[in-house]
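Please examine the sequence and the structure shown here before reading the report.

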Amino acid sequence: MQKNLVIVESPAKAKTIEKFLGKGYSVMSSYGHIRDLKTKEFSVDVENGYAPEYVIPADKRKLVSELKKAALGATTVLLASDEDREGEAIAWHLSETLGLDEKNTQRIVFHEITKSAIMHALETPRSIDINLVNAQQARRVLDRIVGFELSPILWRKVKPALSAGRVQSVAVRLIVEREREIQQFTSESSFRVIATFVLPDGETLLKAELNRRLKGEAEVQKFLAACRTAEFSIEDITTKPLRKSPAPPFTTSTLQQEAARKLSFSVSQTMMVAQRLYESGHITYMRTDSVNLSDLALGTSKEAITGTYGAQYYKFRKYQTKTRGAQEAHEAIRPTDMSAPEISGSAQEKRLYELIYKRTIACQMADAELEHTAISIRISTMKEKFVATGEVIKFDGFLHVYMESTDDETEKEQENGLLPPVKPNEPLTAGDITATERFTQRPPRYTEASLVRRLEELGIGRPSTYAPTIQTIQNREYVIRGDRPGEERIIRIFSLRDEKIKSSQKKDTIGNDRNKLIPTDIGIVVNDFLMEYFPGVMDYNFTASVEKEFDAIAEGELDWTKALDRFYRFFHPAVEATSALKTEHKVGERQVGTDPKSGEPVFVKIGRYGPIAQIGAAHTDDKNVKPRFASLMKGQSIETITLEEALKLFDLPRTVGEYEGEEMTVGVGRFGPFVRHGGKFVSIPKTLSPLAITAEEAILLIEEKRKKDTQRHIRQFENGGIEILHGRYGAYIACGGKNYRIPKDADPAKLTLEDCRKIIAAAPSGKEKKKKG
């Protein structure tokens with residue numbers, strides 16, 4: 001009996017959909033795209049309307065033949081890939097590659113995998129939207145043009161094996177510019193003055209802050225001296241109601257930001273977990289820039305709120321999407337079942353689902369009602385005032401469930417809660433008045449979440465591109481996600497108590513960064529090169545305008561090949577001009593000074609394996625004079641390294657002493673600093689500097705490495721060159737640079753040389769492993 005064939009792009013999605021369909025349906029997965037541009041070729045016919053040259057990858061050929069066979073035997077083929085541009089393109093590629101007949105081929109879309117949504121999709125099929133397909137093709141081809149034309153220039157001018165991307169390069173530019181803002185930032189100090197007053201009852205305390213910051217020690221001393229003889233009294237009391245409204249339901253970018261802030265998820269981790277939730281039928285489609293909620297979702301949210309919290313907590317809200325170029329799916333990210341506050345699944349899935357559920361519920365809840373009170377305190381000897389503020393929640397509303405987090409890293413001063421009752425002109429007695437030094441904070445480095453927000457603000461990228469963009473710039477090592485220690489400062493404190501002014505100091509660390517996006521030297525050099533020679537491609541407005549053109553293509557308002565041609569005519573001449581350019585120095589090379597010993601210039605630049613220092617010019621008439629090189633250490637940058645720091649690198653390799661009759665040499669290699677002893681290398685940890693490590697510390701590292709190696713070895717057969725070792729996933733056999741699994745029923749410690757040889761002989765070859773996969 002012939003069945004209807006449903007094709008989706010993931011096996012997990014297929015499994016969920018299969019539960020809702022009857023026996024007359026067969027569900028198969030395409031495992032993503034079944035064809036794409038060739039990996040190592042340009043694959044774009046510029047002379048023939050920018051026609052892309054698609055191929056079926058070798059690992060998809062068997063799957064394609066299986067899908068073709070199933071399609072031939074099906075009554076109707078239903079293409080059920082995701083409803084965004086990428087999903088539409090997958091459906092089109094399936095139709096083209098499988099040679100599907102339009103008469104018995106239908107396109108069905110849904111933004112949640114529930115029975116009602118699937119049934120509705122089956123009742124309302126449509127044809128493939130070629131405008132959406134062309135928008136995806138335009139993005140794919142444009143990115144291929146940029147990558148294939150720019151990358152070879154970077155290989156020649158900067159360093160081999162580099163690559164450039166249209167949106168990725170702009171994202172790196174944001175991070176590099178922020179880093180330079182930080183380097184150029186000069187912190188300024190001021191003094192925050194806090195006073196504690198005693199009310200007339202002699203017991204009740206009122207804490208207040210001076211209404212301006214004081215500049216410098218002299219002004220602080222003058223102010224505190226004036227306070228000695230001052231009288232303090234209540235000047236004014238103002239109370240006003242405040243209302244706080246909930247944040248709208250999640251879009252892709254706001255989910256990525258909030259999951260980073262509340263759950264410490266990376267952007268790609270959020271999308272991976274959200275994908276699983278969607279494919280399991282728990283949430284709606286996770287790539288969207290819409291804040292709209294369906295009527296069904298609004299109705300079920302109302303039921304959940306009134307049933308759980310009461311009618312006073314409910315407020316109907318209809319959100320409108322304001323994002324520039326909003327597209328993709330047409331509903332916000334929400335749970336598919338608002339009566340289910342919890343789900344079964346992994347710990348990550350449960351945490352992300354709870355976040356989505358609470359955000360969705362909260363957006364349909366009443367405003368929080370607060371009362372804000374400000375008490376102004378008069379100082380008889382000067383015009384300045386002290387101000388006490390307090391905020392009291394009268395009705396918690398949506399705050400009962402959820403409060404949106406923020407990326408704001410500026411100094412947050414805690415407000416008081418309920419303030420004590422006071423009357424105008426009531427006299428106060430000053431207790432402590434303390435002036436504490438504060439420093440202006442440098443611009444914050446981007447987190448993954450704040451970078452997503454900035455990209456969205458600039459109109460760069462779309463819901464489907466944020467996570468891949470941020471992952472790519474890290475994979476290419478243009479940017480790292482890392483920590484930076486803060487700057488230790490001495491904080492000055494001046495206090496007035498019992499008419500005596502005292503001063504003290506304390507140490508504080510300012511600007512400590514964790515999990516922030518930091519540009520690497522290579523990222524900085526590539527950014528500077530592209531900014532100099534391809535400013536148009538790196539322009540934020542240009543990149544945003546390209547996104548708008550993709551939107552216009554998707555709406556059928558712009559021919560995709562004309563958009564590509566306009567870009568290529570502006571871009572390609574710049575590529576040719578830059579390729580022909582001859583530069584005297586390597587891109588990114590910087591002279592930091594002159595070596596006092598040799599009189600030769602000292603440079604820092606990007607070498608084959610990363611940033612290096614160089615003494616002596618590369619081009620010299622004296623063939624006997626060769627430049628010397630040294631790798632920069634972790635934490636050093638070609639942007640900021642000094643001559644003194646660069647020269648110290650040439651102290652390596654250095655001999656730190658002898659151990660067991662052999663020298664111990666310290667150096668820095670491709671994988672970091674090391675101690676070399678007896679032909680073996682031992683890594684030096686971050687806590688030790690290769691320039692300062694002692695013989696005793698080096699011996700300790702050697703002994704620790706030996707101990708670990710001994711524990712790692714179970715057995716060693718020197719004659720056969722075979723070892724049995726402890727590994728991360730259990731014991732294994734190592735032979736000739738290859739590793740072999742030990743059968744579960746075998747005891748690794750009792751294996752003989754002959755047993756090992758049998759296991760190696762029985763192991764499948766690489767080709768057999770691929771066939772099984």
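Predicted model: local features only at pLDDT ≥ 70, side-chain atom pairs only at ≥ 80, totals over all residues.

Residues are numbered from 1 along each chain as its sequence is written, and side-chain values use heavy atoms, with hydrogens and water left out.

The secondary structure of the chain comprises 21 helices and 30 strands; these are DSSP runs numbered from the N terminus, helices being H or I with at least four residues and strands E with at least two. Of the 773 residues in the chain, 46% are buried, that is, under 20% relative accessible area with a 1.4 Å probe and protein chains only.

Helix α9 (residues 267-279) and helix α11 (residues 347-362) have axes that come within 10 Å and cross at roughly 85 degrees. Axes are lines fitted to C-alpha atoms over the stretch in contact, with angles from 0 to 180 degrees between N-to-C directions. The two helices, α9 and α11, are therefore roughly perpendicular to each other (65 to 115 degrees). Among the residues that meet are Val273 and Leu277 in α9 and Leu352 and Ile356 in α11, where contact means heavy atoms within 4.5 Å.

| Arginine | Ring | Distance from ring centre |
|---|---|---|
| Arg35 | Trp92 | 5.3 Å |
| Arg178 | Tyr446 | 4.5 Å |

Key. Parallel < 35°, antiparallel > 145°, perpendicular 65-115°, else oblique. Lys NZ or Arg CZ within 6 Å of the ring centre and 35° of its normal. Buried < 20%, exposed > 50% of the residue type's maximum accessible area, 1.4 Å probe, protein only.
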